[in-house]
Amino acid sequence: MEWVKMKECAREFMVGVAEMTVEFGKGCRDIVKQSLVNEDSFIVKNLGRDSYIGKRLRGPCAKLFAKLSFFNEYLPEDKDPLHAWSVIFFVFLLAFLALYVNFERDPDAPPVKQVFLHPPSASRVVLPDGRYMAYKEQGVSSQKARFSIIAPHSFLSSRLAGIPGVKDSLLEEFGIRLLTYDLPGFGESDPHPNRNLESSATDMACLADALGVNKFWVVGYSSGSMHAWAALRYIPDRLAGAAMFAPMVNPYDPMMTKEERRRTWNKWTRRRKFLYFLARRFPRFLAFFYQRSFLSGKHGQIDKWLSLSLGRRDKALMEDPIYEEFWQRDVEESTRQRNVKPFVEEAALQVSNWGFSLSDLKLQKRKPSSELLSWLKSMFTETQEYIGFLGPIHIWQGMDDKVVPPSMTDFVHRVLPGAAVHKLPYEGHFTYIYFCHECHRQIFTTLFGTPQGPISIPVNVDQATLEEANIEEQEVLNGDDYATN
């Protein structure tokens with residue numbers, strides 16, 4: 001008897017819940033109808049039956065509802081189908097949200113590693129506008145450096161990346177001083193209130209000035225290449241050359257042909273295309289996706305976070321424990337400020353108007369000016385003036401790269417035919433530059449030739465120092481002779 005009573009109570013409770021849900025749905029319907037669906041509302045005027053859109057959709061919607069009308073046979077006879085389906089839809093939505101919020105992970109799945117906040121450890125310089133920029137230095141000292149390299153990092157990275165896995169012994173063998181830094185708002189660098197690519201190039205030049213670097217090579221990898229392109233455009237006199245690895249360009253560049261754009265976009269996942277669309281049209285909505293992925297405080301995989309489609313060799317590299325440890329530490333440093341704004345800015349910069357075109361970097365003769373003084377000057381001078389970047393540009397592109405497809409490098413080479421393109425069969429987006437000692441040696445040999453080691457610093461000893469040393473040596477010898485006697 002107690003079991004029967006319990007079943008009866010449960011049934012009555014469920015009936016009561018159902019009735020309350022129906023009444024709640026009716027109340028919500030009445031509120032919406034009174035506030036949003038009256039004759040004077042914006043929705044009715046623009047989407048109602050008498051509006052242009054309503055008239056266009058009335059016919060197709062009527063046909064669709066007619067085909068689905070057989071579902072009404074399963075509804076109670078005393079209920080209005082419109083009201084019943086609205087309640088059912090609302091209850092289904094609430095149930096879906098409840099399941100989504102209370103979703104539990106598989107108990108057999110490995111625990112998710114939490115992002116660790118490391119103590120500040122970066123060296124920093126003060127920029128002219130008062131901001132602090134964090135940087136990292138590798139290789140030989142400034143006095144012994146034959147070549148200086150500055151490498152801006154890519155998206156979701158930091159100054160710790162640099163050239164991933166490059167050995168200090170190799171840098172010393174070629175006499176290289178490698179400088180990497182945190183972009184504004186990343187790592188330990190202060191954010192920039194009005195960041196753009198011109199300010200990015202200016203920050204690079206200010207870092208070089210603060211660290212005593214005159215001419216330097218700029219290295220751009222993946223999305224970090226847009227900062228290297230900006231340096232070629234805005235501070236060309238400071239650059240000795242540029243090395244690009246899978247260089248990203250604006251996928252909406254108007255100079256791209258339809259075929260180049262098609263070959264590029266076809267390599268990307270739908271989610272990544274959607275994120276690019278948001279970055280270009282509604283960048284603020286990116287904050288929702290970023291906060292639920294790499295800013296959630298939990299570690300994950302880069303391909304899932306950034307919706308990347310990877311090749312076979314890239315997937316194998318990501319499963320390597322060495323790469324995983326490096327990647328997690330780099331992400332922890334990149335997101336240490338827990339601020340989504342710099343990441344949204346970086347994504348928006350990638351797909352917005354850069355303020356210049358890659359064709360501006362093409363080396364070409366300056367067109368004669370229409371001004372009289374400039375024309376007379378060109379008549380009496382034999383030197384020919386050139387515009388664009390005068391130094392060498394090297395590009396390495398993996399042919400199995402699905403993050404930055406080879407079609408992007410083909411586009412760059414069409415616009416900049418003077419760039420030296422090194423195509424890498426079977427290489428992906430990460431495999432050539434990450435933890436590959438022989439690859440790094442090939443890169444430095446291509447850029448700098450035969451390794452000559454660091455510059456030898458001559459020791460200048462003045463005459464007074466030599467005389468003092470001779471006197472001290474003579475006193476020691478005299479003391480030894482006296483002890484012998």
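Reply: We begin with the salt bridge, defined as a side-chain nitrogen of Lys or Arg within 4 Å of a carboxyl oxygen of Asp or Glu. The model is predicted, so local features need pLDDT of at least 70 and side-chain atom pairs count only at pLDDT 80 or more, while totals for chains, interfaces and linings use all residues. Residues are numbered from 1 along each chain as its sequence is written, and side-chain values use heavy atoms, with hydrogens and water left out.

Me: How many salt bridges does the structure hold, and which residue meets R233 in one?

Reply: Side chains of opposite charge can pair when their charged atoms come close. The structure holds 19 salt bridges. In one of them, the side chains of R233 and D360 meet at 3.9 Å, N to O. This pair links distant parts of the chain, 127 residues apart: R233 belongs to helix 7 (residues 225-234), and D360 to the loop between helix 14 (341-351) and strand 7 (364-365). Helices (H or I, at least four residues) and strands (E, at least two) are DSSP runs, numbered from the N terminus.

Me: Which residue forms a salt bridge with E260, and where do the two partners lie?

Reply: The side chain of E260 meets that of R414 in a salt bridge of 2.9 Å, N to O. Because E260 lies in helix 8 (residues 258-265) and R414 in helix 16 (residues 406-415), the pair ties together parts that are 154 residues apart in sequence. E260 is buried, at 8% relative accessible area, whereas R414 is partly exposed, at 42%.

Me: How is the packing of helix 8 and helix 16 described?

Reply: Two packed helices are described by the angle between their axes and the distance between the axes. The axes are lines fitted to C-alpha atoms, for helices over the stretch in contact, and angles run from 0 to 180 degrees between N-to-C directions. Helix 8 and helix 16 pack at about 150°, with their axes 8 Å apart. This makes helix 8 roughly antiparallel to helix 16, a label for angles over 145 degrees. Contact means heavy atoms within 4.5 Å. E260, R263 and T264 in helix 8 meet S407, M408, D410, F411 and R414 in helix 16.

Me: How many residues of helix 16 are buried, and what covers them?

Reply: Seven of the ten residues in helix 16 are buried, so the helix is mostly covered. The buried ones are P406, S407, M408, T409, F411, V412 and V415. Their cover includes helix 7, helix 8, strand 9 (393-398) and strand 10.

Me: Which residue forms a salt bridge with E427, and which residues are linked in a network of salt bridges?

Reply: R313 forms a salt bridge with E427, with 3.5 Å between the closest N and O atoms. E427 lies in the loop between strand 10 (420-424) and helix 17 (437-448) and R313 in helix 12 (residues 312-318), so their pairing ties together parts 114 residues apart in sequence. E427 counts as buried at 12% relative accessibility, and R313 as partly exposed at 34%. A network of salt bridges links R159, D182, E188, R329, E333 and R336.

Me: How many aromatic pairs does the structure hold, and what is the geometry of W265 and W268?

Reply: Rings of Phe, Tyr and Trp (its six-membered ring) pair if their centres lie within 6.5 Å; planes under 30 degrees apart count as stacked, over 60 as edge-to-face and the rest as tilted. The structure holds 28 aromatic pairs. W265 and W268 form an edge-to-face pair, 5.2 Å centre to centre with 70° between the planes. W265 is buried at 15% relative accessible area, and W268 is buried at 4%. For Y290 and F294, the ring centres are 4.9 Å apart and the planes at 35°, so this pair is tilted. Y290 and F294 are both buried. Y221, Y323, F326, F430, Y434 and F435 form one aromatic cluster.

Me: Which residue lies over the face of Y132, and which over that of Y252?

Reply: A charge sits over a ring if NZ of Lys or CZ of Arg is within 6 Å of the ring centre and within 35 degrees of the ring normal. R124 lies over the face of Y132, at 4.3 Å from the ring centre. R280 lies over the face of Y252, at 4.3 Å from the ring centre.

Conventions
Buried means under 20% relative accessible area, exposed over 50%, partly exposed in between (1.4 Å probe, protein chains only). Angles under 35 degrees count as roughly parallel, over 145 as roughly antiparallel, 65 to 115 as roughly perpendicular and the rest as oblique.
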